[in-house]
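Keep the sequence and the structure in view, and try each task before you read its solution.

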Amino acid sequence: MASREFDRGRRVVARLPHGADLLEAIAALADQHGVLVGEVRAIGALQRARLAFYDQHTRAYGEWSLDQPLELVGLLGNVSRRDGATAVHAHATLADHDGVCFGGHVAGGCTVFACELFLQELVGGDPLERAYDDETGLPLWGNV
Amino acid sequence: MASREFDRGRRVVARLPHGADLLEAIAALADQHGVLVGEVRAIGALQRARLAFYDQHTRAYGEWSLDQPLELVGLLGNVSRRDGATAVHAHATLADHDGVCFGGHVAGGCTVFACELFLQELVGGDPLERAYDDETGLPLWGNV
Amino acid sequence: MASREFDRGRRVVARLPHGADLLEAIAALADQHGVLVGEVRAIGALQRARLAFYDQHTRAYGEWSLDQPLELVGLLGNVSRRDGATAVHAHATLADHDGVCFGGHVAGGCTVFACELFLQELVGGDPLERAYDDETGLPLWGNV
């Protein structure tokens, strides 16, 4: 199985800026601390959200917006490299005022209301690099 | 961006007591091990639940109860300090017997059926302290 | 409270095989790296899913299938020992093309489309061992 053992690097705790774009803020945080590879977890709330679903047949993401305040019930994701830049891959579960959940791949367009985030750097060996995967059509880790 | 690098402290694994209040049990666990700051993850099941949604306009939490057995599909949260005491902030995704999900901010009143929990202590520098944040009306980390 | 402090062992990052059974792939990964106890987190997508809900009154799992592509919004779980073998306990939140969420206990029959997984080994003391728990009817950790 494609797997690799890493060493743990630094552990960053952050409060993301009110009004920031969620994905951009995570990438900016990684860049600010020089984290090339890492794991991300967060909770908080969003002012509005934009999520995506990957269509496994057409091999394209479909995106949709939720233009309302939402709890960020949980975000799980990671930071790696793609074409020489920081690539954030994150999934989120959101909930409205009745607790109804919406989930998916986090797209650009999620606006932070408040967000408490943990980023665990992983070091050792070549940084994880995303490359086109024929089997899925997705940019997966080619060197894990 | 408001962020800080921490050192990792101890790693606590726990089985929360059957019948305990979920939030109180997490706080008691942190206190028992002397953990001032940490990250929490858990899965399990609840006998009943009480979740909350933060209204970003009125700046008040609305709470509601789910008086039924539920899977605790996932809990993400953290432990920090507030007014000299242990403050647990946790979000949870729950599911009923049909897999329908409910999510939100964990309030007092979630009764543990079974729960497997991981708590990662974070040390170094001043413990994270919650203070009133004007922009959101929430008790966010003032010294991250 | 039943709790124990562990030391952190190795940190494994994996890309699970396309077409694999999710639970079997996690167990195989743990075995491949010799991880007896650990914590697991993952995101990705499934070709189809099979989840379960534990009925707290009848003390039996009810399983159901979702025969459609789904985002694996988030998986939280752990690896420990049961009857001398690797036991994976995982919960997952899934979402369809409209973002509708389904959640529960991960059963056999979840087929991986793509999956990025983090496994944190925990070492020190006796490995966590599952044993029948009278109070819940579940195989919980008897030596935490």
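This is a predicted model: local features need pLDDT of at least 70, side-chain atom pairs count only at pLDDT 80 or more; totals for chains, interfaces and linings use all residues.

**Exercise 1. Relating the copies**

Solution: 
- Step 1. Two copies of a chain are related by a rotation about an axis and a shift along it.

**Exercise 2. Where chain C meets chain B**

Task: Describe the contact between chain C and chain B.

Solution: 
- Step 1. Count the residues: chain C brings 41 and chain B brings 43.
- Step 2. Turn to area. About 3400 Å² is buried between chain C and chain B, and carbon and sulfur atoms give 61% of that. On the side of chain C, Met1(C), Phe53(C) and Gln56(C) lose the most area to chain B, together 22% of what that side buries.
- Step 3. Look for charged pairs. There are 4 salt bridges across this interface. In one between Glu39(C) and Arg11(B), the closest N and O atoms are 2.8 Å apart.
- Step 4. Sort the residues on the side of chain C that touches chain B: 18 are nonpolar, 15 polar and 8 charged.

**Exercise 3. Where chain C meets chain A**

Task: Describe the contact between chain C and chain A, and say which element of chain C gives the most residues to that side.

Solution: 
- Step 1. Here 43 residues of chain C touch 41 residues of chain A.
- Step 2. The two chains bury about 3400 Å² between them, with 61% on carbon and sulfur atoms. In chain C, the residues that lose the most area to chain A are Arg11(C), Arg15(C) and Glu116(C), together 22% of what that side buries.
- Step 3. This interface has 4 salt bridges, and Arg10(C) meets Glu5(A) in a salt bridge of 3.0 Å, N to O.
- Step 4. Among the elements of chain C that give two or more residues here are β1, α1 (22-33) and β7. The element that gives the most is β1(C), with 8 residues.
- Step 5. By class, this side of chain C has 23 nonpolar, 11 polar and 9 charged residues.

**Exercise 4. One residue at the contact**

Task: Decide whether His89(A) is buried or exposed, and find its partners.

Solution: 
- Step 1. Locate His89(A) in strand β5 (residues 85-95) of chain A.
- Step 2. Buried means under 20% relative accessible area. His89(A) has 12% relative accessibility, so His89(A) counts as buried.
- Step 3. Leaving aside neighbours within four places in sequence, His89(A) is in contact with residues including His105(A), Arg130(A), Ile43(C) and Glu116(C).
- Step 4. With Glu116(C), the side chain of His89(A) makes a polar contact of 2.9 Å.

Conventions: Residues are numbered from 1 along each chain as its sequence is written. Chains are lettered from A and ligands numbered from 1 in the order in which they are written. Side-chain values use heavy atoms; hydrogens and water are left out. Helices (H or I, at least four residues) and strands (E, at least two) are DSSP runs, numbered from the N terminus. Buried means under 20% relative accessible area, exposed over 50%, partly exposed in between (1.4 Å probe, protein chains only). A polar contact is a pair of N or O atoms within 3.5 Å; within protein, one must be able to donate a hydrogen and the other to accept it, and residues adjacent in sequence count only if both atoms are side-chain atoms. Contact means heavy atoms within 4.5 Å. Buried area is the accessible area (1.4 Å probe) that two parts lose on being put together, summed over both. A salt bridge is a side-chain nitrogen of Lys or Arg within 4 Å of a carboxyl oxygen of Asp or Glu. Ala, Val, Leu, Ile, Met, Phe, Trp, Tyr, Cys and Pro count as nonpolar, Asp, Glu, Lys and Arg as charged, and the others, Gly among them, as polar.
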